[in-house]
Amino acid sequence: MTSREALFKSLVGEHQEMVINTCYRFVFNREDAEDLAQDVFVEVFRSLDQFRAEAKLSTWIYRIAVTKSLDHLRRIKRIKRFGALKRIIGAEDPSAEIAAPSGDTPAEACSGNERADLLQKALNSLPDNQKAAFLLSKQDGYSNQEIADILKTSVSAVESLVHRARKNLQEKLSLYYEKQ
Amino acid sequence: MKQHNEHIEAEVRKTMQLLDQMEPIAVHHLFRARLMERIGREFGGEAAPSAGGFLRHLDLRLAFMTVLVIVNLGSAALSLQEGGNYAASAVRDTLETASDDYSSQEFAYYEQTTANMQEGLSVESKAP
């Protein structure tokens, strides 16, 4: 085993739990979270030579995790938009026949599909930086300083982003429940 | 109205609390094995990707070129050696030929003289 491989294996062992759970916060689904975590570590393996010690290695890995998760959410949004467009123009949407991944989401376990879907929709409507700051702040293990490093911003900016994200979420949810 | 607002606030709070209630998930015991399998598949074992891969290919090419150069040099040396032997033997032959008594000027004269004598005899024998 080369030193590179040994280093990579130790990195995976050390950070896999944090990476998977970070992705899980974003996608609300275990399988997607594991797939994304794999993508994250493949990217880490590919770019390990290019890593410069300007940031902590863990911060760099978690930044990749956040970027991959946001990319995944954007991709899903694009697919949904494309599906909606197809429905409008009357074309068949093959993805509509594919069953949505069922179960195994924490929100489902806690409070059923509707509330979890609602929360996910509200979260996905937030700007990326608010969403990332807010979700990372909700996860154990990230300090505001670390979130700031991951998002390449200041601690005060992170606090502001989290505050605005919470306010936006409350407004969106209130609006939804008022209409009910 | 106040009751309605309180109800909305309670619903919002409950929904927001889902994030706080999210339990961290345990890593699947096959996660690392699957990951290493994928790494092996995508990068060919311990091959260094991207720039490393390029350098590795470059190394292989350099090694191949070095082998070719060595083979060329070897064959050139062999042919030179063989050619050298041939040249040496040719020079030796020439020298031997040059120093040969039978090829000397005297011998040429003798031959010519003999030929002339034979010619003279034949003329004489033909004469009545």
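Helices, of at least four residues, and strands, of at least two, are DSSP runs numbered from the N terminus. The exercises below concern a predicted model.

**Exercise 1. Describe the make-up of chain A: how many helices and strands does chain A have?**

Solution. Step one is to count the elements: chain A has eight helices and zero strands. Step two is to read them in order, and from the N terminus on they run α-α-α-α-α-α-α-α. Step three turns to burial and contacts. Of the 180 residues in chain A, 32% are buried. Among contacts in chain A with a separation of 6 or more, 61% are between residues 24 or more positions apart.

**Exercise 2. Determine which residues have the most contacts inside the largest nonpolar core, and state which helix supplies its largest share.**

Solution. The largest nonpolar core has 46 residues, and those with the most contacts inside it are Val19(A), Cys23(A), Ala37(A), Val40(A), Ala65(A) and Ala133(A). The largest share of this core comes from helix H1 (residues 3-27) of chain A, with nine residues.

**Exercise 3. Characterise the side of chain B that touches chain A: which helix gives the most residues to it?**

Solution. Begin with the extent of the contact: 29 residues of chain B meet 33 residues of chain A. On the chain B side, H1, H2 and helix H3 (50-99) each supply at least two residues. H1(B) gives the most, with nine residues. By class, the side of chain B that touches chain A divides into 16 nonpolar, five polar and eight charged residues.

**Exercise 4. Find how the axes of H8(A) and H1(B) cross, and at what angle.**

Solution. The axes of helix H8 (residues 155-179) of chain A and helix H1 (residues 2-21) of chain B come within 9 Å and cross at roughly 125°. H8(A) is therefore oblique to H1(B). The crossing is right-handed. The residues of H8(A) that meet H1(B) include Leu169(A), Leu173(A) and Tyr177(A), while those of H1(B) include Ile8(B), Val12(B) and Met16(B). The residues of this contact comprise six nonpolar, three polar and two charged.

**Exercise 5. Examine the pair H2(A) and H2(B) in the manner of the previous exercise: at what angle do their axes cross?**

Solution. Helix H2 (residues 30-47) of chain A and helix H2 (residues 31-43) of chain B have axes that come within 10 Å and cross at roughly 50°. This makes H2(A) oblique to H2(B), and their crossing is right-handed. Among the residues making the contact are Phe41(A) and Phe45(A) of H2(A), together with Arg34(B) and Arg38(B) of H2(B). The contact of H2(A) with H2(B) has seven nonpolar, one polar and four charged residues.

Methods
Residues are numbered from 1 along each chain as its sequence is written. Chains are lettered from A and ligands numbered from 1 in the order in which they are written. This is a predicted model: local features need pLDDT of at least 70, side-chain atom pairs count only at pLDDT 80 or more; totals for chains, interfaces and linings use all residues. A nonpolar core is a set of buried Ala, Val, Leu, Ile, Met, Phe, Trp, Tyr and Cys residues joined through C-beta atoms within 7 Å. A residue is buried if 20 or more other C-beta atoms lie within 10 Å of its own, exposed if 12 or fewer, and partly exposed in between; C-beta atoms are placed from the backbone. Axes are lines fitted to C-alpha atoms, for helices over the stretch in contact, and angles run from 0 to 180 degrees between N-to-C directions. Angles under 35 degrees count as roughly parallel, over 145 as roughly antiparallel, 65 to 115 as roughly perpendicular and the rest as oblique. A crossing is left-handed if the near helix is turned anticlockwise from the far one by less than a right angle, and right-handed if clockwise. Two residues are in contact if their C-beta atoms, placed from the backbone, lie within 7 Å. Ala, Val, Leu, Ile, Met, Phe, Trp, Tyr, Cys and Pro count as nonpolar, Asp, Glu, Lys and Arg as charged, and the others, Gly among them, as polar.
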